[in-house]
Each structure stands twice: as C-alpha cells, then as structure tokens.
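Me: I have a structure to go through with you, and I would like to take it one question at a time. Could you help me read it?

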Amino acid sequence: MLDPRSEIYPTIEYRPIQPFDLEALEKIHLALFPIRYEREFFLNVVNGHGIVSWGAVDTSRSDDRRDEIIGFVTTRMIAAKDSEIEDLFRYNSSRKDLTLVYILTLGVVDSYRNLGIASSLVREVVKYAASISNCRGVYLHVISYNQPAISFYKKMLFKLVRRLPMFYYIRGQHYDSYLFVYYVNGGRSPCSPLAFVKMLVAKFWSKEDHCNPRWTRCQESNTLLAPQSNKRIISGDNTRCHV
C-alpha cells in the first residue's frame with residue numbers, strides 16, 4: 001500500500017489491460033462500485049472483445065506486484081447514430097459513419113488517489129478517440145449523487161450537455177444521470193455558432209421529420225433535458241453504469 005505521508009511519488013505507467021489482470025480488475029470494481037458486474041464483462045475487458053481499456057501500474061514497487069493494476073478505464077466504440085446523443089451531431093448530417101468513444105468504467109484504488117492517475121487515464125482515452133478520424137467525441141454518464149466525479153469531468157473540460165431524469169434504477173431507487181461529452185476532431189456543441197449554422201442548413205435540405213432537434217434548451221451553461229423514455233435499469237449484469 002502507498003503511504004500517503006511519503007514524499008516519494010510512485011512511478012506510474014499505463015498499458016493495455018491484459019488477461020492476467022482479470023482477478024485484480026474484478027477486485028477493484030467490487031471495491032469501487034455499488035453494483036456487481038458479471039464475469040463476462042471482465043472477460044471481454046481483459047481479452048479486448050469489443051472493449052478498449054488501459055490500466056495504470058506502479059513500476060516503482062519493489063515487490064512482485066509492480067505490474068498489478070492500481071487504476072483502469074474501460075471503453076467501447078459506438079456509432080454516433082446509435083448513441084443517446086445522436087441528435088447533438090445532426091449538424092454534420094453528411095457523415096453517416098461518425099463514431100463516439102463511450103467510457104464504461106473508470107477507477108483508481110484508494111491508496112493511489114490524488115496522484116493524477118484518473119486524469120492520465122482519461123487523457124489516454126481522449127488521445128485514442130482523437131486518433132480515429134471519424135470519431136467526434138468521448139462521452140459518459142455520471143449518477144447524480146456522485147459530486148466528486150461531476151467535478152472531475154468538469155475539470156477535465158468535459159461538457160455537461162444533458163440531464164437524464166430518473167435514468168438509473170438501482171436497488172429500488174431512481175436516480176438522475178448527467179451526460180458529459182468531450183469533443184474531438186472538429187466535434188462541437190450544437191450550440192456553437194458554426195454547428196448551429198450547419199444544423200439549420202441540414203434541416204432546410206432534409207425532408208425527414210426526425211431531423212428536428214430533440215433538446216428543449218440550447219445553453220451550454222445549463223443542463224439539457226432528454227426525452228423521459230430514455231432510462232436505464234441497473235442490475236448485476238449491467239455494464240454501462242458509470243457511477
């Protein structure tokens with residue numbers, strides 16, 4: 001364990017999560033999150049089956065655990081048209097192949113908190129998203145009572161674009177969710193001047209009714225309200241609860 005009183009900072013390195021990380025990954029998730037993840041989720045993470053992930057390790061440790069993960073972030077690629085924020089990218093309707101990176105889970109063990117590890121993991125995700133030419137952003141959900149996470153993503157310059165009322169249903173209790181986005185490769189808020197002009201042009205030329213914006217307000221400083229039907233029930237097998 002890292003002694004928080006020590007003035008010697010550990011040497012943290014970042015690498016893809018590997019099959020031998022399975023046990024540690026399960027243990028950390030169990031300690032950090034209020035829900036249980038199925039074994040299949042962890043197997044998909046460590047084997048890279050539809051999930052791209054990074055682990056943080058303390059290589060300055062003198063014991064045989066120097067390659068044991070002490071932090072992680074798991075993500076997956078989603079087509080923008082299939083995402084919950086598809087309407088935010090309608091100004092670029094000429095592109096049908098746009099994608100987004102969705103952050104599934106992010107965590108750091110308690111003894112390594114406040115060392116910038118979570119920030120570095122998120123930067124790895126943003127760098128990865130930016131390397132994909134048709135990717136326009138990184139997004140995630142945060143449960144409404146997780147104020148430290150909300151503050152963290154704001155500090156990382158993610159945009160709070162939407163509030164989803166009663167989005168989560170956990171152990172018989174409803175909770176709202178906040179949706180954050182970090183734009184890459186020219187992606188931008190639909191409230192930006194250029195995006196707004198493009199959206200109007202696309203709307204003018206389109207004859208399809210579903211091209212009308214679904215949001216009710218267009219102010220980046222305020223939360224955008226989503227349709228009430230967009231809710232999620234959290235149970236033991238749900239792998240998209242970013243709390």
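Predicted model: local features only at pLDDT ≥ 70, side-chain atom pairs only at ≥ 80, totals over all residues.

**Reading the fold, the helix and the rings**

Me: What pattern does the chain follow along the sequence?

Reply: The chain has five helices and eight strands. Of its 243 residues, 48% count as buried. Among contacts between residues at least 6 apart in sequence, 72% join residues at least 24 apart. Read along the sequence, the pattern is β-α-α-β-β-β-α-β-α-β-β-α-β.

Me: Within what arc do the buried residues of α2 fall?

Reply: Let's begin with the residues themselves: F41, F42, V45 and V46 are buried in α2. An α-helix has 3.6 residues a turn, so residues three or four places apart point the same way. Seen down the axis of α2, its buried residues line one face of the helix, because they fall within an arc of 125°.

Me: Which elements do the buried residues of α2 pack against?

Reply: The residues concerned are F41, F42, V45 and V46. Their packing partners include one helix, α1 (22–32), and the strands β2 (52–58) and β3 (69–79). The list of partners is α1, β2, β3 and β4.

Me: Is E38 buried or partly exposed?

Reply: E38 lies in the loop between α1 and α2. Its C-alpha atom and that of E26, twelve residues apart along the chain, are separated by 9.4 Å. Buried would need a relative accessible area under 20%. E38 has 43% relative accessibility, so the class is partly exposed.

Me: Which element gives the most to the lining of the largest pocket?

Reply: The largest pocket has a volume of about 670 Å³. Of the 23 residues that line it, the closest to its centre are L106, R113, A118, A149 and F152. The lining divides into 15 nonpolar, six polar and two charged residues. At least two lining residues come from each of β4 (99–108), α3 (117–130) and α4 (147–155), and the element that gives the most, with five residues, is α4.

Me: How many residues apart in sequence are the parts that the pair of Y145 and Y175 ties together?

Reply: The count of aromatic pairs comes to 13. Y145 and Y175 form one that is edge-to-face, with 5.2 Å centre to centre and 75° between the planes. Y145 lies in the loop between β5 (135–143) and α4, while Y175 is in strand β7 (residues 173–183), so the pair ties together parts whose separation in sequence is 30 residues.

Me: And how are Y145 and Y175 classed, buried or partly exposed?

Reply: The cut-off for buried is under 20% relative accessible area. Y145 has 45% relative accessibility, and Y175 has a relative accessible area of 25%. Y145 is therefore partly exposed, and Y175 is likewise partly exposed.

Me: What is the angle between the planes of F158 and Y182?

Reply: F158 and Y182 form an aromatic pair, 5.4 Å centre to centre. F158 is buried, with a relative accessible area of 4%, whereas Y182 is partly exposed at 25%. The pair is tilted, and the angle between the planes is 55°.

Me: Which residues do ring pairs link into a cluster?

Reply: Two of the residues buried in α2, F41 and F42, are among the members of this cluster. The cluster linked by ring pairs is F33, Y37, F41, F42 and F72.

Technical notes: Residues numbered from 1 in each chain as written. Heavy atoms only, no water. 1 Å grid on protein atoms, 1.4 Å probe; cavity = no way out; pocket = protein on both sides within 12 Å on 5 of 7 lines; lining within 4 Å. Points joined across faces, edges and corners; volume = space filled by probe spheres on them. Helix = DSSP H or I, 4+ residues; strand = E, 2+ residues; numbered from the N terminus. Nonpolar A, V, L, I, M, F, W, Y, C, P; charged D, E, K, R; others polar. Buried < 20%, exposed > 50% of the residue type's maximum accessible area, 1.4 Å probe, protein only. Arc of directions from axis to C-beta. Contact = heavy atoms within 4.5 Å. Phe/Tyr/Trp six-rings, centres within 6.5 Å; stacked < 30°, edge-to-face > 60°.
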